[in-house]
Amino acid sequence: MCPDCGKPMEAGRIFGKIPLLWSPKDKKFTLIKGKEDVSLIKGRFPEAWICKDCQTVIFHYGEAARAPSAKSSK
């Protein structure tokens, strides 16, 4: 269920160009990872859940993304 609106979420995967980064700062370029940045995709593309009603996407990164998911029934 979506944490924002409570409606069911649809399972899928995140796909995109690598590196896909989270950063606390605005950036024009993401080709170079800064020390404060977090790489969101390492290896295979992570499982993700989307709520198209409120435009929310949830996914785990790092080791959590590689572990077998017990949360796939979201």
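Predicted model: local features only at pLDDT ≥ 70, side-chain atom pairs only at ≥ 80, totals over all residues.

Modeller: Two strands are taken to pair if DSSP finds at least two bridges between them.

Consider the pairing of β1 with β4 to begin with. Strand β1 covers residues 10-13 and strand β4 covers residues 47-51; the two run antiparallel and are joined by four bridges. Within this pairing, arginine 13 is found opposite glutamate 47 of β4.

Cysteine 51 has threonine 56 of β5 as its bridge partner, and isoleucine 50 is partnered by valine 57 of β5. As a general point, side chains in a regular strand alternate between the two faces of the sheet.

The turn that links these strands deserves attention. Strands β4 and β5 form a hairpin with four residues between them, and in it glutamine 55 takes a positive phi near 60°. Most residues other than glycine have a negative phi. Glutamine 55 is not a glycine, yet its phi is positive, at about 60°. This residue belongs to the loop between β4 and β5. Glutamine 55 counts as exposed because its relative accessibility is 73%, and the cut-off for that class is over 50%.

The cysteines form a further point of detail. The count of disulfides comes to zero. Cysteine 2 takes part in none, although the sulfur of cysteine 54 is the nearest cysteine sulfur to it, at 3.4 Å. A disulfide would require the two sulfur atoms to lie within 2.5 Å. For cysteine 54 the result is likewise no disulfide, with the sulfur of cysteine 2 nearest at 3.4 Å. As to accessibility, cysteine 2 is buried, with a relative accessible area of 4%, whereas cysteine 54 is partly exposed at 29%.

Phenylalanine 15 lies in the loop between β1 and β2 and phenylalanine 45 in the loop between β3 and β4, so the pair ties together parts that are 30 residues apart in sequence. Phenylalanine 15 is exposed, with a relative accessible area of 61%, while phenylalanine 45 is partly exposed at 24%.

The loop between β1 and β2, where β2 covers residues 21-22, also holds leucine 20. Leucine 20 is partly exposed, its relative accessible area being 28%. Leaving out residues up to four places away in sequence, leucine 20 touches Ile14, Val38, Ser39, Leu40 and Ile41. The C-alpha atom of leucine 20 is separated by 9.9 Å from that of aspartate 37, which is 17 residues apart from it along the chain.

Aspartate 37 itself is placed in the loop between β2 and β3, the latter being residues 38-39. Aspartate 37 counts as buried because its relative accessibility is 4%, and the class of buried residues is defined as under 20%. Its side chain makes polar contacts with two others: with the side chain of serine 23 at 2.7 Å and with the side chain of lysine 27 at 2.6 Å. Apart from neighbours within four places in sequence, the residues in contact with aspartate 37 are Leu21, Trp22, Ser23, Pro24, Lys27 and Ile32.

Key
Residues numbered from 1 in each chain as written. Heavy atoms only, no water. Buried < 20%, exposed > 50% of the residue type's maximum accessible area, 1.4 Å probe, protein only. Contact = heavy atoms within 4.5 Å. Polar contact = N/O pair within 3.5 Å; in protein donor to acceptor, adjacent residues only side chain to side chain.
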